[in-house]
Amino acid sequence: TLTSISVTPTNTSIANGNKQQYAAIGIFSNNTSLDITKFVSWNTQDNSIAVISNQSETKGEAQGVGVGNTTVTASYNGKSGSTSLTVTAILQYGYF
């Protein structure tokens, strides 16, 4: 029985426009763990900061779309796990 979900990597920071691949690890009642990235439903708390894919080829891939902080959550069968994602401004070189 699935008891909890762990999302990795934790507390990441990416530049706006960049992508971050997440994985969901299912922890089961018999103390085993399994990569369930392809089975969970992914979402972000604020779609104006980051969006995350539920398409089979790119499942768990987040992309920064605005500057700020949001939460990435993986859900399956009533269980969920989450981590924070910070999207930072792109550094513009040559404009000082």
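Helices (H or I, at least four residues) and strands (E, at least two) are DSSP runs, numbered from the N terminus. Keep that in mind for Gly26, which lies in strand 4, and for the other views below.

This is a predicted model, where local features need pLDDT of at least 70 and side-chain atom pairs count only at pLDDT 80 or more, while totals for chains, interfaces and linings use all residues. Residues are numbered from 1 along each chain as its sequence is written, and side-chain values use heavy atoms, with hydrogens and water left out.

**Figure 1. The whole chain is built with 10 strands and zero helices.** Following the sequence, you read β-β-β-β-β-β-β-β-β-β. The C-alpha trace spans about 55 × 20 × 20 Å along its principal axes. Of the 96 residues, 34% count as buried; buried means under 20% relative accessible area, exposed means over 50%, and partly exposed is in between (1.4 Å probe, protein chains only). Take the contacts (heavy atoms within 4.5 Å) with a separation of 6 or more: 47% of them are between residues 24 or more positions apart.

**Figure 2. Three strands make an open sheet in the order 1-4-5, with antiparallel pairing.** Two strands count as paired if DSSP finds at least two bridges between them. From one strand to the next, the twist averages 25 degrees; the angles run from 0 to 180 degrees between N-to-C directions, and the axes are lines fitted to C-alpha atoms, for helices over the stretch in contact. Strand 4 (residues 23–28) is joined to strand 5 by three bridges, and Ile25 stands opposite Asp35 there.

**Figure 3. Here we zoom in on Gly26 of strand 4.** Is Gly26 buried or exposed? Gly26 counts as buried because its relative accessibility is 0%. Leaving out residues up to four places away in sequence, Gly26 touches Leu2, Ser4, Thr32, Ser33, Leu34 and Ile36. Gly26 and Ile36 are 10 residues apart in sequence, and their C-alpha atoms are 5.9 Å apart in space.

**Figure 4. Strand 8 (residues 61–64) pairs with strand 3 in the antiparallel sense.** Three bridges hold this pairing, with Gln20 opposite Ala62. Strand 7 also runs antiparallel to strand 8, again with three bridges, and the partner of Val51 is Gln63. In a regular strand the side chains alternate between the two faces of the sheet. In strand 8, Ala62 and Gly64 are on the covered face, whereas Glu61 and Gln63 are on the uncovered one.

**Figure 5. Lys19 and Glu61 meet through their side chains in a salt bridge.** The term means a side-chain nitrogen of Lys or Arg within 4 Å of a carboxyl oxygen of Asp or Glu, and here the N to O distance is 3.6 Å. This pair links distant parts of the chain, 42 residues apart: Lys19 is in strand 3 (residues 19–21) and Glu61 is in strand 8. Glu61 counts as partly exposed because its relative accessibility is 24%.

**Figure 6. The largest nonpolar core has 17 residues.** Such a core is a set of buried Ala, Val, Leu, Ile, Met, Phe, Trp, Tyr and Cys residues joined through side-chain atoms within 4.5 Å. Those with the most contacts inside it include Ile5, Tyr22, Trp42 and Leu85. Strand 1, strand 7 (50–52), strand 9 (68–76) and strand 10 (79–88) give two or more residues each, and strand 1 gives the most, with three.
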